[in-house]
Amino acid sequence: MSYSKTFLLAAASVATLAVRADLTPEVEAKFLKAIIASSGTNKIACEDAALKTALEAQGIVVDSSAQICWVTNPNIAKTMKQFGRLVITNRRDLATSASVLIVEDGGRPKLILNTANLKTAKVQLSDAVLKIAEKI
C-alpha cells in the first residue's frame, strides 16, 4: 500500500475517535506512524515513556539518532530544529520550533505543519500529508 493511502487510512480511522482534551499516546502513535511512513523511514526519537510504548506497539523503531523526533521540551525542540531534524510535538507553544504539530481540536486530532520548518528539515513528507494538514 502506498504511503499516501496508508496515511489517509490512518487519519480517517483516528479522526472518528472521540478523544479527551489531550490526545492519548495511542492516537498520537497512529498519526506518527503515518507521518513516519510517509517520509520513507520507520524510526523516531522519543523520550516520552508512554508514547514510546505506543509507538513500539505500532511497529515503529524508537532510536535517539533518528532524523524524526518527538519533542515536548522547548530547548530540545530548538536544538533539534538547528540540526535539521523533523521535529514533531503536541504542544502548540512549540510551533515556532516544530515542523509538525499533532493537536486536539474540537475533540478530534488535527495536523498542523510549519512550512518554514519543513523546508529546513532534512526529512521530506509525502504529498498526502502536505495536502490534508493545516499550514502555518
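Is Asp63 buried, partly exposed or exposed, and at what relative accessibility? Asp63 counts as partly exposed, because its relative accessibility is 22%, where buried means under 20% relative accessible area, exposed means over 50%, and partly exposed lies in between (1.4 Å probe, protein chains only).

The structure examined here is a predicted model, in which local features need pLDDT of at least 70, side-chain atom pairs count only at pLDDT 80 or more, and totals for chains, interfaces and linings use all residues. Residues are numbered from 1 along each chain as its sequence is written, and side-chain values use heavy atoms, with hydrogens and water left out.

Salt bridges were assigned wherever a side-chain nitrogen of Lys or Arg lies within 4 Å of a carboxyl oxygen of Asp or Glu. This rule gives three salt bridges. In one of them, Asp63 pairs with Lys43, with an N to O distance of 3.6 Å. The two residues link distant parts of the chain, 20 residues apart: Lys43 belongs to strand β1 (residues 43–46), while Asp63 sits in the loop between β2 (61–62) and β3 (68–70). Strands here are DSSP runs (E, at least two residues), numbered from the N terminus. Lys43 is partly exposed, because its relative accessibility is 37%.

Another salt bridge joins Arg91 to Asp93, and here the closest N and O atoms are 2.5 Å apart. Arg91 is partly exposed, with a relative accessible area of 27%.

Lys110 and Asp105 also form a salt bridge, their closest N and O atoms being 3.4 Å apart. For Lys110 the relative accessible area is 23%, so this residue is partly exposed. Asp105 is likewise partly exposed, at 40%.

Technical notes:
Helices (H or I, at least four residues) and strands (E, at least two) are DSSP runs, numbered from the N terminus.
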